[in-house]
Amino acid sequence: MTHNKALHRESNQVVIFLGPPGAGKGTQAERLAAEYNLIKISTGDILRDHVTRGTELGQQVAPILESGKLVPDDLLIALIRDQLSKRETVRVIFDGFPRTTAQAQELEMLLEQLGAPISAVPLLEVPDDILITRIVERGKSSGRNDDNEAVARHRQDIYRQQTQPLIDYYAARGHLKPINGVGSMDEVYGRLQQVMS
Ligand code: AMP
């Protein structure tokens, strides 16, 4: 039994995707998850699913998502705890979490308890004007009511104020891997593979 547990522990692996809204985190994380046999946990997707299903949480967060602001930290932390507690092995890629220093600190504690080390924090870098164009383009098919120019600009501001400090946070811990996020999906994925190997 002890032996098995040790094996499970060894295979724990955590990747955290950082980058502004529209940088392509979701798409790249999905591909990386498939290649490395990891589960992608996208907090935006989980919250949107709650909104669609009209759960209590969904009703609570719907106006926040629509405005482009961040959902309160305690709700996100509870959600992540729930996601991780379901798993025997923690092999995950986080997409869209953490987004504040408080979330990063909670995650650090939680991962320590679970014995799941962070292997890398890729940061997808894309200039602002390209981000807005990408989001508006995505809005034509995503059905997301926050994928329009006005809300996209607001989401960039929120990213700068609340999420950008995490770049220094993970750089100080030696996890940060900046990647040029401009180019085709394949080009960007190639760069990602290089920093992951
Ligand atoms: P995303 O799909 O990652 O762009 O997230 C869409 C929206 O969900 C965000 O604009 C926030 O309102 C909410 N959200 C997703 N993840 C988080 C998080 N880690 N902290 C706070 N709010 C979040």
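## Ligand contacts

A nitrogen atom of the ligand is 2.8 Å from an N or O atom in the side chain of Thr43. This is a polar contact (a pair of N or O atoms within 3.5 Å). In this predicted model, local features need pLDDT of at least 70 and side-chain atom pairs count only at pLDDT 80 or more, whereas totals for chains, interfaces and linings use all residues. Residues are numbered from 1 along each chain as its sequence is written, and side-chain values use heavy atoms, with hydrogens and water left out.

Arg48 places a polar side-chain atom 3.0 Å from an oxygen atom of the ligand. At Val71, a polar backbone atom lies 3.0 Å from a nitrogen atom of the ligand. On its own the ligand has 480 Å² of accessible area, of which the protein covers 95% (Shrake-Rupley method, 1.4 Å probe).

## Residues around the ligand

## Helix α4

Helix α4 spans residues 56-67; helices are DSSP runs (H or I, at least four residues), numbered from the N terminus. Leu57, Gly58, Val61 and Leu65 are buried in α4, that is, under 20% relative accessible area (1.4 Å probe, protein chains only). Seen down the axis, these buried residues fall within an arc of 85°, so they line one face of α4; the arc is that of the directions from the helix axis to the C-beta atoms.

Their cover includes α3 (43-53) and α5 (73-85), with contact meaning heavy atoms within 4.5 Å. The face turned away from the buried side carries Glu56 and Gln59, which are exposed (over 50%). Just after α4, Gly68 takes a positive phi of about 90°.

Key. Helix = DSSP H or I, 4+ residues; strand = E, 2+ residues; numbered from the N terminus. Polar contact = N/O pair within 3.5 Å; in protein donor to acceptor, adjacent residues only side chain to side chain.
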